[in-house]
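Please examine the sequence and the structure before turning to the solutions.

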Amino acid sequence: MSPKTLYDKIWDAHVAHEAEDGTCLLYIDRHLVHEVTSPQAFEGLRMANRKVRAPEKTIAVPDHNVPTTTDRANAATMTEDSRIQVEALDKNAKDFGINYYPVSDIRQGIVHIVGPEQGWTLPGMTVVCGDSHTATHGAFGALAHGIGTSEVEHVLATQTLIQKKSKNMKVEITGKLRPGVTAKDITLSVIGATGTAGGTGYVIEYCGEAIRDLSMEGRMTVCNMAIEGGARAGLIAPDEKTFAYIMGRPHAPKGAQWEAAMAWWKTLYSDDDAQWDKVVTLKGEDIAPVVTWGTSPEDVLPITATVPAPQDFTGGKVDAAQRALDYMGLTPGQKLTDIAIDTVFIGSCTNGRIEDLRAAAAILKGKKKKDGLRAMVVPGSGLVRAQAEEEGLAQIFIDAGFEWRMAGCSMCLAMNPDQLAPGERCASTSNRNFEGRQGYKGRTHLVSPAMAAAAAITGHLTDVREMM
Amino acid sequence: MDKFDKLSGIAAPLPLVNIDTDMIIPKQFLKTIKRSGLGVNLFDEMRYDREGNEIPDFVLNKPAYRDAQILVAGDNFGCGSSREHAPWALLDFGIRAVISTSYADIFYNNCFKNGILPIVLPPEQVAVLMKDAEKGANARIEIDLENQTVTAADGTAFHFEVDPFKKHCLLNGLDDIGLTMEKSAAIDAFETKASAARPWV
């Protein structure tokens, strides 16, 4: 048998039909649904009198629009259009009989945090969602990617997607990370090295000692931003850490099924002599805590660097860099650590898991945020929130002057009331620093949770290593 | 979905690289449960000031480009979020084709589901068409999907590649779901086989 990559193996196990030109129907094992990209898809089903083919494999949770203030049970906390979207999801979940975690359920949270937490996401699966950060689930060795609303409707109706296979890309992070360097710094550094289109047309498998050393939470952070590098999906081969994370979760297999699943899961790795279409290698020891300075995730530099000048770039990036500097209100040559911030946001599907909150709390313990700075922690799910309260992390955040919020996407994309004002500058653990992403004319610097905590204390972008 | 076969029209130049879907349609317009009506908010934050007044410098506000049916854009157009609201907004404005050196994967697929043709050409050919686009109404670009050509204003034709299945669907305005449902026997057979092999799924 010819050697295969992990992606090849998962792909081959899910082709339900292949046409002569290589167009495949890929069977989908898990379909995650949220309120923003699904209403038109359900409406399409109704208009055509179609059903959801596999409601038991379909999981819905409202996350993008929901308020994260503790008074959110009060309907007045939501704008009318947001409320209509959430109510549409309530109704669609009920009408079509799909698994659902409503806002009032403690298990509610960001769809990409809820899926793994509840054991819906398992190695070797195909997982899709009408959300680009579906790549997160690749941390389990599942082929997971975002789709548009037409494709959401297609999966609801047929449990398949029309696909052509992507190419294989290996991203290897060798050796150990230095202290203060996290999964977020790895994933941003990879995008810095390859660019936001470096992964276009590929599925990335992340491997190497530094990846193996990461917890499942860290691996989810790495895979989450595969899309920011342009890749269709990011993957990490499952190992003992993966199996330990899954075991005992509500929808994980049990008993004899667990044994059968494990037997297959242990075959899910890339063969030694597998063929790669592209290989990128970074040394773990070369990765520093990083921060973005511009309006694309590829605009990333070590925190010790200075703001670049447009002439440091070539081609269309010269104009883009100038536009980014104007938008961000930065001057070439300025030290990144001199950039003062107004807001700190800790949360999102990139960094809203328990380990992220632990990392931020470790820096904040016994300290206070800078006066006048707005700081909020938005746990990725109600269960993350409960666990953080049990571990005493919530109190550390509250004592440091942070707002302790309910679960949701919140200021990552600012569809709910959590937004930046024009010109306001934020150190954010989210995934996109696009123009207007966190609010009209808002300015975003992407960082790790520990770096966000450090910035909250000093009021400017800060090298977290000086606080450790 | 509307068919796409030939198009001859004015193209609007957007030479910026990495135009993301947040730029194409900002999140405040995703709170809709419909597909239509988004054209007025296409490129909203580049197109209007905070008071809702048009920013005269923005290309789609210039008289020559108000009826543009084609966009010529910088590299990696449509990166970021999976929101299909981006092609819905383009289509609602009247854009039926985009020309660039590259697109983000999800956006690229979403276009085909909505009767929009995203054309990939090498940088030097995109540069020629960008120059044409800058001439506004003085230059029309012609697109022929059947023959896979884009013809610049001076008559030079550039060939582009497109997946045969996607081309077929676009030429005929076909509904993917209907096509897939014709293969439901294959899906049934796969489900039976897969649930025996992986009963825990």
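**Exercise 1: a hairpin and its neighbours**

Task: Describe the hairpin of E1(A) and E2(A) and the surroundings of E2(A).

Solution. Step 1: five residues lie between the strands of this hairpin, and A:Gly22 there takes a positive phi near 90°. The model is predicted: local features need pLDDT of at least 70, side-chain atom pairs count only at pLDDT 80 or more, and totals for chains, interfaces and linings use all residues. Residues are numbered from 1 along each chain as its sequence is written, chains are lettered from A and ligands numbered from 1 in the order written, and side-chain values use heavy atoms, without hydrogens and water.

Step 1: strand E1 (residues 15-18) of chain A runs antiparallel to E2(A), joined by three bridges; strands are DSSP runs of at least two residues, and pairing requires at least two bridges. A:Val15 has A:Leu26 as its bridge partner.

Step 2: E2(A) also pairs with strand E8 (residues 160-163) of chain A, antiparallel over four bridges. There A:Leu25 stands opposite A:Ile162.

Step 3: A:Cys24 and A:Leu26 on one side of E2(A), and A:Leu25 and A:Tyr27 on the other, are all buried (under 20% relative accessible area, 1.4 Å probe, protein chains only).

**Exercise 2: the interface**

Task: How many residues does each chain bring to the contact?

Solution. Step 1: chain B brings 54 and chain A 70, contact being heavy atoms within 4.5 Å.

Step 1: seven salt bridges cross the interface of chain B and chain A (Lys or Arg side-chain nitrogen within 4 Å of an Asp or Glu carboxyl oxygen). B:Asp175 and A:Arg50 form a salt bridge at 3.6 Å, N to O.

How values were computed
Buried < 20%, exposed > 50% of the residue type's maximum accessible area, 1.4 Å probe, protein only.
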